[in-house]
Amino acid sequence: MGIWRSVSVLFLGFLLLNLSVARFVVEKNSFRVISPDSIKGTHDSAIGNFGIPQYGGSMAGTVVYPKENRKGCQGFDESGISFKSKPGALPSFVLVDRGGDDDLVLIEVWNAQNAGASAVLVADNIEEALITMDTPEEDRQSAKYIENITIPSALIEKSFGEKLKKALSSDEMVNVNLDWREAVPHPDDRVEYELWTNSNDECGFKCDMLMEFVKDFKGAAQILEKGGYTQFTPHYITWYCPQAFTISKQCKSQCINHGRYCAPDPEQDFSRGYEGKDVVLENLRQLCVFRVANETKKPWVWWDYVTDFQIRCPMKEKKYNKDCAENVIKSLGLDLKSIEKCMGDSNADSDNPVLKEEQDAQVGKGTRGDVTILPTLVVNNRQYRGKLEKGAVLKAICAGFEETTEPAVCLSGEVETNECLNNNGGCWQDKAANITACKDTFRGRVCECPLVDGVQFKGDGYSNCQASGPGRCKVNNGGCWHETRDGHSYSACLDVASVFGDSQCKCPLGFKGDGFKSCEGEKRTFHDQLVLGCLLDLKYLFFMLRILAAQTLTNAKRRKPASALNAAARTPGEAIIAHAVETFCKRGTEVKSAWAAVWVILLGLAMAAGGAYMVYKYRLRSYMDSEIRAIMAQYMPLDSQGEVANHVSDDRA
């Protein structure tokens, strides 16, 4: 019996003897029959512990039950049977009868895959609760199947299998859907996962597969951990030696702390090579490496240590020892003394706190069963079923995130669907600004209006997305008309959401058009740029005119010399106007023009202050009256009003 199975049996015995509550939780996915109506509905199916389940996704297909070789013991090509789907047809889910042992199940799935099946449904041969189809005892023959099976498989109950067979025998088309979307729950924005592993590198194919996985998955795991997307915890299984045998040669060679924590002999030969207690000590060391690294806020260093130890300290080269391990620890800058303190005394006749905690954790809690199979991966407290391979495991972890919240590593080429590459996924797109509402996820694509440079687009994501809120004009001019004439830039984008609650496209003063595609007219005069250049909304224009008129009349009554613009700057209205200028007048060359105009006026007023006092006092009332009426006439001309002379234009143009 293989070493991993020995661990499972010994540990299971430990649980039964001491806790009497051992339980094995079967991870299931939803199996839904779409048609015929006679068996329509949802049923449970047990996910096979090999192949690649489509975590986070679903698969539709039609059930096929072969007329011969129904256990799949021989290759279907020998009988000329093919399950390959024709172009445009649904994939084929091959229904086979369960054989007598795990080896036969692997062969059944392997033969169906080679014949073109997209998934395999194994009908149980006895009436029992669903169980997990696991990989058999480790040998090179079964390893060939484990490594190369890439389709998902599921065990269904015998009674349900009979219903499927009956429907198929009546020449009815059986359409079904395998759904793994809820196989991994996603309760929050972080995924917790744990790997039950072993430092032994001489236990056959599964040890080789585990080491290969750790090496391949290291990069993705560290990215997820450093970004705060996941919380990873390594675990190691140990078993105890019964009290009556603690002084035996077997227990002494395989256990530490007087038989409390044991591991099988790596070579399964007590007379040569490494002993089981060597494995226990290295397991303990790796646990303490994780704990010390975690205390320094760098838990991802565990992946560096484990991969480096595998490379530098293999059993085959007789380097699997304390000295080699300490060299790896020093090279990674870890605190060796803290790790030794964490490990404690392996010869003490007492519990080791770290390993005791590991033994307690092996017992299943909540939706997770007891850990009896190595290696075991648990994601959000659900045991992962399937091949221990980077792409498949990453897909399972990513299934623990809500769709569209998964980190970028979940959109790598190995797991993302890339549906946005074809016709932009049917979503909204602004090719000119290179903006799209299409987002690829590992489940598929979604159409959501994007967030660009802090500006949120709003719409249905399929046919329409509009920039909204403050700053909208920074992104492709808010989708409005814009043009450069005579060295001056003009835009119809109006960003006034923070004041008036709306955002729109309006042609600037002196231009006419829809504001989106065109605006025609002459460029603004100096007077327009100075007084109204940035006040494109009529509501704000009237508000400003009222302030200017009120403050100017107040100054006139007090006989204080001031110009129309200076009047507001010398009164309590100054703060309001300054805020308005700051809010509305920050757009490229218009900002420069407005400030240049202000400085020119202030400089002119300073130079002509003496002479302007008497002239201003005489013309104040008539001057302001005609100025305001001229501006108002541009927006609300009266039928009975003739053209009013604009003194500002005459004097300052």
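Q: Helices (H or I, at least four residues) and strands (E, at least two) are DSSP runs, numbered from the N terminus. In which strand is the place of His235?

A: Look in β9: that's where His235 sits. Before we go on, note that this is a predicted model, where local features need pLDDT of at least 70 and side-chain atom pairs count only at pLDDT 80 or more, while totals for chains, interfaces and linings use all residues. Residues are numbered from 1 along each chain as its sequence is written, and side-chain values use heavy atoms, with hydrogens and water left out.

Q: Is His235 buried or exposed?

A: Buried means under 20% relative accessible area, exposed over 50%, and partly exposed in between (1.4 Å probe, protein chains only). His235 comes out at 9%, so it is buried. Contact means heavy atoms within 4.5 Å. Leaving aside neighbours within four places in sequence, His235 is in contact with Glu194, Leu195, Trp196, Thr197, Leu287, Glu358 and Ala361.

Q: What is the strand order in the sheet with β9?

A: Strands of a sheet pair through backbone hydrogen bonds, either parallel or antiparallel. Two strands pair here if DSSP finds at least two bridges between them. The open sheet has four strands in the order β9-β8-β12-β13, with mixed pairing. Its edge strands, β9 (230-236) and β13 (382-383), each pair on one side only. Strand β8 (residues 191-197) runs parallel to β9, joined to it by seven bridges; in one of them, Val191 has Thr230 of β9 as its partner.

Q: Which helix lies across β8 and β9?

A: That's α5 (residues 205-226), which runs at about 155 degrees to β8. Axes are lines fitted to C-alpha atoms, for helices over the stretch in contact, and angles run from 0 to 180 degrees between N-to-C directions.

Q: At what angle do α7 and α9 pack?

A: Helix α7 (residues 276-295) and helix α9 (residues 322-331) pack at about 15 degrees, with their axes 12 Å apart. That makes α7 and α9 roughly parallel to each other (angles under 35 degrees count as such). On the α7 side the contact uses Glu282, Arg285 and Val289, and on the α9 side Lys322, Ala325 and Ile329.

Q: Which residues have the most contacts inside the largest nonpolar core?

A: A nonpolar core is a set of buried Ala, Val, Leu, Ile, Met, Phe, Trp, Tyr and Cys residues joined through side-chain atoms within 4.5 Å. The largest one has 107 residues, and Val174, Tyr193, Phe217 and Ile397 have the most contacts inside it. Apart from that core lies another of 14 residues, including Trp428, Cys447, Cys465 and Ala467.

Q: How do I read the sheet of β18, β19 and β20?

A: Take the order first: β18-β19-β20, an open sheet with antiparallel pairing. β18 (451-452) and β20 (466-468) are the edges with a single partner strand each, so one side of each has no neighbour in the sheet. β18 and β19 make a hairpin with two residues between them, and Asp453 in the turn has a positive phi of about 50 degrees. Two bridges pair β18 with β19, and Val452 stands opposite Val455. On the other pairing, β19 (residues 455-458) meets β20 over three bridges, with Gln456 opposite Ser468.

Q: Which residues of β19 are on its covered face?

A: Val455 and Phe457 are on the covered face, while Gln456 and Lys458 are on the uncovered one.

Key:
Angles under 35 degrees count as roughly parallel, over 145 as roughly antiparallel, 65 to 115 as roughly perpendicular and the rest as oblique.
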